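Please keep the sequence and the model in view while reading.

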Amino acid sequence: MRRKPDALSVAVYGNAAAPDARLARRLWSRKAAAMLGRNTVVSCLCFAFDLLLLWALVRLSWGKLPAAALGFVAANTLHYALGRTWIFRGTERGFKAGYVFFLINAVVGLAVTVTLYAAFLRYTPMNYIVARILVSVFAGLAVFVLNAVLNFRRL
């Protein structure tokens, strides 16, 4: 039995199904799986760039947290360029607006990244590169969903 949308959902979304049910269907669709696959390829390439930059900056005597933050932002800029043309192709959002929204989503990812990264560095004996790899899984998935649903509106 299909649930009738409440008055707020109807006012905001029209007569469409409640956003939570629609979002769940969209996130578990073949389209989402294909985009996530492409995103994984781009993310791995950009993340390798991020790690190389992190390593290089630490070798140049940068602090580990500022180096991780700069690497994250640089890698996200590259990710936007590649993602716009391949992962989220067909978006109707303009280039500049998309980049602004992408950076806002990256700030969310950066907050997750730096918070978890700092916790791993402080509370575990984990190597800083291993910690950064582990943190990327959580931050990467969160940013993918934000971009797919809110920024590029492809899901």
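## The salt bridge

A search of the whole structure, which is a predicted model, finds 1 salt bridge, a term for a side-chain nitrogen of Lys or Arg within 4 Å of a carboxyl oxygen of Asp or Glu. Side chains of opposite charge can pair when their charged atoms come close. Here the partners are Asp-50 and Arg-132, whose side chains meet at 2.6 Å, N to O. The pair links distant parts of the chain, with Asp-50 in helix α3 (residues 30–59) and Arg-132 in helix α6, 82 residues apart.

Are these two residues buried or exposed? Asp-50 has a relative accessible area of 2% and is therefore buried (under 20% relative accessible area, whereas exposed is over 50% and partly exposed lies in between, with a 1.4 Å probe and protein chains only). Arg-132 also counts as buried, at 2% relative accessibility.

## The chain as a whole

The chain holds 6 helices and 0 strands, in the order α-α-α-α-α-α along the sequence. Helices (H or I, at least four residues) and strands (E, at least two) are DSSP runs, numbered from the N terminus. Of the 155 residues in the chain, 33% are buried.

Contact means heavy atoms within 4.5 Å. Among contacts between residues at least 6 apart in sequence, 63% join residues at least 24 apart.

## Where α4 meets α5

The axes of helix α4 (residues 64–87) and helix α5 (residues 95–123) come within 9 Å and cross at roughly 145 degrees. Such axes are lines fitted to C-alpha atoms, for helices over the stretch in contact, and angles run from 0 to 180 degrees between N-to-C directions.

Residues on both sides make this contact, including Phe-72 and Tyr-80 of α4 and Phe-102 and Leu-110 of α5. By class, the contact has 15 nonpolar, 6 polar and 2 charged residues. Ala, Val, Leu, Ile, Met, Phe, Trp, Tyr, Cys and Pro count as nonpolar, Asp, Glu, Lys and Arg as charged, and the others, Gly among them, as polar.

## Asn-151

Asn-151 belongs to helix α6 (residues 128–151) and is buried, with a relative accessible area of 1%. Leaving aside neighbours within four places in sequence, Asn-151 is in contact with Arg-93, Gly-98, Phe-101, Phe-102, Asn-105 and Leu-146.

## Basis of the values

Residues are numbered from 1 along each chain as its sequence is written, and side-chain values use heavy atoms, leaving out hydrogens and water. Because the model is predicted, local features need pLDDT of at least 70 and side-chain atom pairs count only at pLDDT 80 or more, while totals for chains, interfaces and linings use all residues.
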